[in-house]
Amino acid sequence: MAITYHESTRVFTLQTEHTTYQMKVGRFNILKHLYYGKKVEGSSMDYLLWYPDVGFSGNPYEADTDKCFSLDIQPQEFPSAGVGDYREGCIEAVNPDGSRAADFRYVSHSVSRGAYGIKGMPAAYDEGEESETLLICLRDDATGLELELKYGVFEKEDMITRAAVLKNTTSGTVELEKLFGVCLELPFGEWEVVHFHGRHAMERMPERIPLGHGTFCISSKRGTSSHQHNPSLILCAPETTEDAGDCYGMLLVYSGNFTARAEVDQMGQTRAVMGINPEQFRFRLDAGECFETPQAILGFSGEGFTELSHRFHRMIGRHICRGKYKYARRPILINNWEATYFDFNEEKILRIAGQAAQLGIEMLVLDDGWFGKRDTDTSGLGDWYVNREKLPEGLEGLSEKIHALGMKFGLWFEPEMVSEDSDLYRKHADWALRIPGRKPNRSRYQLVLDMSRQDVRDYLFERMSDLVSRARIDYVKWDMNRSMSDIYSAKLPRERQGEVFHRCMLGVYELLERLTTAFPDLMIEGCSGGGGRFDAGMLYYSPQIWCSDDTDAVERLQIQYGTSFFYPVGTVGSHVSASPNHQTGRETPFETRGVVAMAGSFGYELDLNLLPDEEKELVKAQVADYKKYYELIHQGDYYRLNAPGDGRDFVAWAFVSEDKRQVLLNLVVTHVRANAKAMFVRLKGLDEGKTYRLPDGRLLSGGALMYAGLSIPARPGEYRPIQMELVAQ
Ligand code: DGJ
């Protein structure tokens with residue numbers, strides 16, 4: 001049993017293979033957090049609780065004359081609000097009587113096999129019922145409100161999931177202004193935070209900073225998880241490195257507005273919470289209604305960041321990504337965006353596809369510009385009808401010709417958007433989010449559809465499913481190219497306008513669910529101007545996401561490095577594009593672009609017809625290599641061997657197969673110097689007792705390669721790569 005409850009001590013213990021999570025129903029039925037960390041067996045950790053008499057930290061009435069029992073000090077699973085805990089909380093609600101306090105106490109619990117679901121939202125699933133679920137029912141006696149805390153225990157993956165449901169069991173109305181499903185208490189120790197910030201075309205840059213007193217906060221209020229902050233956080237001990245030290249990961253399974261906060265309180269205790277951003281959020285719950293929070297996934301590693309990443313990779317790969325392509329090899333694709341932008345016709349696309357087919361590429365993805373009046377980004381969004389000027393035989397005709405080449409056919413959509421210059425907008429202006437009396441904020445000339453509306457979603461489902469079935473579409477690239485603003489739904493009353501952001505997100509999830517259910521073999525690639533919605537929520541519907549609009553291989557070294565802390569390599573859409581690169585103007589060797597793009601779901605995005613013959617041969621070789629190493633890359637363990645910008649003149653990473661017999665070492669030189677030092681890397685994750693053969697025939701033990709390392713004397717030249725396979729004998 002992964003979940004146990006001891007009646008006498010009232011202690012819950014959640015065990016995974018290497019971690020323990022413990023909590024206790026304490027005095028006055030307050031659900032206290034006891035411990036989360038490295039596995040501990042046979043002990044109740046309630047000896048860790050302490051009861052200092054802290055000035056200005058009050059005491060619950062039940063504590064009578066005991067000045068040492070304060071909610072402001074005690075670690076809790078779901079902190080109360082407005083009754084004496086002044087730290088970061090999990091709930092803000094206006095009760096039926098207008099008061100704002102909430103104080104939930106333990107009532108009952110139940111344990112079951114299998115994973116819990118969350119209504120209308122993605123959540124870690126479990127096909128084999130290997131996981132266990134703990135539901136704890138709490139109640140606020142003063143209002144009668146009920147709260148259910150959900151815990152999922154994924155033993156093998158060493159992961160705990162958390163979520164909460166607020167049930168309005170009163171006869172009045174509750175206005176919810178904040179509800180977080182997770183609170184992680186670290187009463188002891190000093191902690192640093194690693195978070196992933198960025199901007200369009202430069203996403204998920206890790207930043208590590210010590211937590212000081214007060215609250216550290218990241219958030220998005222753009223309607224997407226955003227390029228600017230990723231809904232993930234690591235708390236680590238100051239001494240933690242890739243290979244050693246304690247670290248906790250928190251990952252939100254949600255794609256909209258979020259916040260993650262970590263507070264160090266007056267006593268030096270750390271509390272981290274995460275959930276839907278309370279800014280611009282107010283959800284009305286009439287009597288009998290419920291509100292469910294998104295899920296958060298928690299992981300702990302006592303062996304540094306690499307192990308933490310591996311655990312998240314396995315969790316996402318096995319319990320978040322779904323569908324046929326969870327395991328099936330994804331087709332190597334050619335996308336026409338950077339090859340043609342809007343300027344294409346059937347002939348041009350077929351020329352690219354024909355060349356691609358000859359080089360072994362397996363799918364053509366037709367990007368933006370195939371529909372409505374769409375020759376620039378100023379018009380056409382929403383008119384999901386083929387543009388016959390560009391494609392006279394329609395998508396059916398093009399698809400048939402692509403399939404006749406032996407290739408699959410993929411198609412770009414941007415379902416959530418509308419151009420003012422479109423038939424859809426002329427007919428249904430009220431389908432766009434707009435505030436009455438205000439001119440909307442335009443971005444890339446487009447407005448955002450009100451995805452909270454059923455009629456909008458029905459239109460999109462009808463258009464997309466019609467095209468997917470009629471034109472035999474194998475793959476959809478689902479894009480989303482602006483931050484949301486002007487949040488107001490023409491369909492909702494005044495008192496429900498605070499729900500629009502979240503309802504739009506639920507609408508997107510509903511449409512994705514409808515599509516994936518109707519077309520189980522359809523592969524969806526997520527995208528939001530590259531990686532503006534790269535999160536576990538989207539990965540539930542689309543097992544890969546276009547990682548960034550920056551396709552420069554050298555820039556990608558950093559972007560893919562940051563992305564790898566939580567997300568497995570298979571989820572990272574990565575393409576070989578033209579040189580000089582369209583975003584940066586940098587020139588890089590074709591081989592480097594291949595090596596970097598192979599650290600992801602691999603494809604091409606350039607006009608293959610313009611390549612010289614030698615580069616066409618390189619495409620063939622890369623395609624063959626990617627197929628050869630597919631399993632190793634997608635199912636093996638990914639090791640960051642150094643960090644971009646760490647003072648070394650290269651970036652290196654490796655894939656190691658589960659049985660440790662096969663290793664693929666990758667390295668890209670980022671800086672050339674006169675009189676340079678040798679490049680030196682230590683491999684990781686090998687079997688120290690095994691002997692590995694290097695491409696030059698040398699035989700070296702796993703121990704030598706990991707502890708003494710490998711020195712690479714011959715500098716291949718600036719931006720040049722090294723990719724070598726090491727095989728155990
Ligand atoms: C942004 C995406 O990230 C690009 O790959 C491309 O699909 C464009 N949108 C098309 O408008």
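## Salt bridges in the model

A salt bridge is taken here as a side-chain nitrogen of Lys or Arg within 4 Å of a carboxyl oxygen of Asp or Glu, and by this rule the count comes to 70 salt bridges. The structure is a predicted model, in which local features need pLDDT of at least 70 and side-chain atom pairs count only at pLDDT 80 or more, while totals for chains, interfaces and linings use all residues. Residues are numbered from 1 along each chain as its sequence is written, and side-chain values use heavy atoms, with hydrogens and water left out.

## A pair within helix α1

E307 and R311 form a salt bridge through their side chains, at 3.0 Å from N to O. Both residues lie in helix α1 (residues 304–319), 4 residues apart, or about one turn of the helix, where helices are DSSP runs of H or I with at least four residues, strands are runs of E with at least two, and both are numbered from the N terminus. Salt bridges that share partners join E307 and R311 with K38, D158, E303, R314 and D637 into one network.

R311 is buried, with a relative accessible area of 2%; buried means under 20% relative accessible area, exposed over 50%, and partly exposed in between (1.4 Å probe, protein chains only).

## Pairs between distant parts of the chain

The side chains of R271 and D85 meet in a salt bridge of 3.1 Å, N to O. Because R271 lies in strand β17 (residues 270–276) and D85 in the loop between β4 (31–38) and β5 (91–94), this pair ties together parts that are 186 residues apart in sequence. Both R271 and D85 are buried.

R640 forms a salt bridge with E242, their closest N and O atoms being 2.6 Å apart. This pair links distant parts of the chain, with R640 in strand β31 (residues 637–640) and E242, 398 residues apart from it, in the loop between β14 (232–236) and β15 (247–253). R640 and E242 are both buried.
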